[in-house]
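Reader: I am new to this structure. Please walk me through it, one question at a time.

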Amino acid sequence: MINPTYLAQKTRTSVNWADARRRVIKSYRDWLRAAPEIQQMYSLNMPVSAIRTKARQEFERHRYVAQLPTVDVLITKSNEEYQETMNYWKQLTHVLKYFRAEDDPKARLPHNFVAGFLEGRN
């Protein structure tokens with residue numbers, strides 16, 4: 001039986017920075033532990049270490065956020081992404097967009113509309 005609320009978490013605010021840190025670390029560990037399952041579910045043609053590295057990069061990108069409400073929003077978004085990924089609510093392209101910039105040299109945006117049009121990009 002499929003239970004769509006299996007990984008759902010209640011939205012809440014952190015009491016203090018220690019609470020926020022604990023919640024961030026829990027979310028980070030959830031992503032790292034799920035990397036082998038994500039690779040298998042979405043049939044990704046990359047090692048588990050690359051998935052874990054990308055998860056780390058996403059968390060490091062917001063490392064120096066200094067406002068507690070912003071951290072709470074980021075934690076909530078991380079939990080939503082985790083639930084959608086693990087419940088297989090995403091398609092392969094949604095998962096691969098996180099790895100696009102590293103694998104595809106054409107992933108950069110064109111300088112202007114005409115250059116993009118002439119390259120054949122949509």
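Reader: Is Arg23 buried or exposed, and what is its relative accessible area?

Author: This is a predicted model, where local features need pLDDT of at least 70, side-chain atom pairs count only at pLDDT 80 or more, and totals for chains, interfaces and linings use all residues. Residues are numbered from 1 along each chain as its sequence is written, and side-chain values use heavy atoms, with hydrogens and water left out. Buried means under 20% relative accessible area, exposed over 50%, and partly exposed in between, with a 1.4 Å probe and protein chains only. Arg23 is therefore buried, with a relative accessible area of 9%.

Reader: Which residues does Arg23 touch, not counting those up to four places away in sequence?

Author: Arg23 lies in helix α1. Contact means heavy atoms within 4.5 Å. Leaving out residues up to four places away in sequence, Arg23 touches Arg12, Thr13, Ser14, Asp72 and Ile75.

Reader: How many helices and strands are in the chain?

Author: Helices (H or I, at least four residues) and strands (E, at least two) are DSSP runs, numbered from the N terminus. Along the sequence the pattern is α-α-α-α-α-α. The count is six helices and zero strands.

Reader: Are α1 and α3 roughly parallel or roughly antiparallel?

Author: Axes are lines fitted to C-alpha atoms, for helices over the stretch in contact, and angles run from 0 to 180 degrees between N-to-C directions. Helix α1 (residues 17–41) and helix α3 (residues 68–86) pack at about 20 degrees, with axes 10 Å apart. Angles under 35 degrees count as roughly parallel, over 145 as roughly antiparallel, 65 to 115 as roughly perpendicular and the rest as oblique. So α1 and α3 are roughly parallel.

Reader: And how are α1 and α2 oriented to each other?

Author: The axes of α1 and helix α2 (residues 48–61) come within 9 Å. They cross at roughly 155 degrees. That is why α1 and α2 are roughly antiparallel.

Reader: Which residues of α2 meet α1?

Author: On the α1 side, the contact includes Val24, Trp31 and Gln39. By class, this contact has ten nonpolar, two polar and two charged residues. Ala, Val, Leu, Ile, Met, Phe, Trp, Tyr, Cys and Pro count as nonpolar, Asp, Glu, Lys and Arg as charged, and the others, Gly among them, as polar. From α2 come Val48, Ile51, Arg52, Ala55, Arg56 and Phe59.

Reader: What share of the chain counts as buried?

Author: The chain has 122 residues. The buried share is 30%.
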